[in-house]
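Try each one before reading its solution.

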Amino acid sequence: MSGRINHDSSGFYSSRLYKDFPKEKQVKYFEQKISQEYLNRIYCKSSESMEELPDNSVHLVVTSPPYNVGKEYDKDLSFKEYLEFLKRVWKEVYRVLVPGGRVCINVANLGRKPYIPLHAFIIQDMLDIGFLMRGEIIWNKDKSASPSTAWGSWLSAQNPTLRDIHEYILVFSKDTFKRGNPLKRQSTITRDEFLEFTKSVWVFPAVSAKKIGHPAPFPIELPYRCIQLYTFKGEVVLDPFMGSGQTAIAAIKSGRYFVGYEINQDYVKLAERRIRQVLSEGNSSKLFDNV
């Protein structure tokens, strides 16, 4: 297929197919400034209440929620309780995002008996809150997937089991599809990055949980791509489930501010230690004097 082709799609988007989905709002771009003392910090508390952040103050959220599957940082919640907990966080995310601000949620599905399509439940909750869904990225981890033997019935149709070699990155925006840039901030994405990052399948390796020191880290490449694609230089990136600090490190390397929330004090210390190491290696800029 050739490059961009202009056509009138208004008939498609005004059809009854779209009647029950959230609609784009006619809102003026507005952002509130976060006090400098609250930037480049990880708060050891639940992101169900982010009172440090004003309404309409964050430009991008990149996160991967806890999976409630018995890891050391999980609570043993029912699936309904778990979704209710996440929805409280997503509502806070909606509050703090600027109009047109984006959310990128990295999520893997769960179980086999039966399979739980977690991404589908999160999508529905985000739509219920009023987010506009922008798409989903398939993170293909095949090159770094560990050799799995969970084939179910080996070489038999009795009960073969699919082995996931992918995760999702669900992309949403608040209220509008297009984001304002009244202060004329600078994009830092390159031409080649833009062509690659706008594809719906991303291919890059996972990272070692043992090496990072956290049971479920995503690679820095994941938030880096989201940050380059969806923010301008000097803007604010939030991770409400900060974990080992990968989002903060990607923000620093991209010349953005970060804010994080994490309930586990050990992981807060781990993330802060890793951030200091990155800064000591010369990845700092004048943006990060207060780190």
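**Exercise 1.** Is Glu52 buried or exposed? Then find its salt-bridge partner and classify that residue too.

*Solution.* Keep in mind that you are looking at a predicted model. Start with the accessibility of Glu52: its relative value is 15%. The cut-off for buried is under 20%, so Glu52 counts as buried. Next, look for the partner: Glu52 forms a salt bridge with Lys45, and their closest N and O atoms are 3.2 Å apart. Lys45 has a relative accessibility of 22%, so Lys45 counts as partly exposed.

**Exercise 2.** Which parts of the chain does the salt bridge between Arg88 and Glu48 link?

*Solution.* First check the contact itself: the N to O distance between the side chains of Arg88 and Glu48 is 2.7 Å. Now place each residue. Arg88 belongs to helix α2, while Glu48 sits in the loop between β1 (41-43) and β2 (58-63). The two are 40 residues apart, and the pair links distant parts of the chain. Finally, consider accessibility: Arg88, at 42%, counts as partly exposed, and Glu48, at 29%, counts as partly exposed.

**Exercise 3.** Where do Arg112 and Asp164 lie?

*Solution.* The side chains of Arg112 and Asp164 form a salt bridge with an N to O distance of 3.7 Å. Arg112 is in the loop between β3 (97-107) and α3, and Asp164 is in the loop between β4 (132-140) and β5 (166-173), so this pair ties together parts 52 residues apart in sequence. Arg112 is partly exposed at 37% relative accessible area, and Asp164 counts as partly exposed at 30%.

**Exercise 4.** At what angle do helix α2 and helix α3 pack, and which residues meet?

*Solution.* Begin with the geometry: α2 (residues 79-96) and α3 (residues 118-129) pack at about 45°, and their axes are 10 Å apart. The helices are therefore oblique to each other. Their crossing is right-handed. Then turn to the contact. From α2 come Phe79, Tyr82, Leu83, Leu86, Lys87, Trp90, Lys91 and Tyr94; from α3 come Leu118, Phe121, Ile122, Asp125, Met126, Asp128 and Ile129. Sorted by type, the residues of this contact are eleven nonpolar, four charged and no polar.

Notes
Residues are numbered from 1 along each chain as its sequence is written. This is a predicted model: local features need pLDDT of at least 70, side-chain atom pairs count only at pLDDT 80 or more; totals for chains, interfaces and linings use all residues. Side-chain values use heavy atoms; hydrogens and water are left out. Axes are lines fitted to C-alpha atoms, for helices over the stretch in contact, and angles run from 0 to 180 degrees between N-to-C directions. Helices (H or I, at least four residues) and strands (E, at least two) are DSSP runs, numbered from the N terminus. Angles under 35 degrees count as roughly parallel, over 145 as roughly antiparallel, 65 to 115 as roughly perpendicular and the rest as oblique. A crossing is left-handed if the near helix is turned anticlockwise from the far one by less than a right angle, and right-handed if clockwise. Contact means heavy atoms within 4.5 Å. Ala, Val, Leu, Ile, Met, Phe, Trp, Tyr, Cys and Pro count as nonpolar, Asp, Glu, Lys and Arg as charged, and the others, Gly among them, as polar. A salt bridge is a side-chain nitrogen of Lys or Arg within 4 Å of a carboxyl oxygen of Asp or Glu. Buried means under 20% relative accessible area, exposed over 50%, partly exposed in between (1.4 Å probe, protein chains only).
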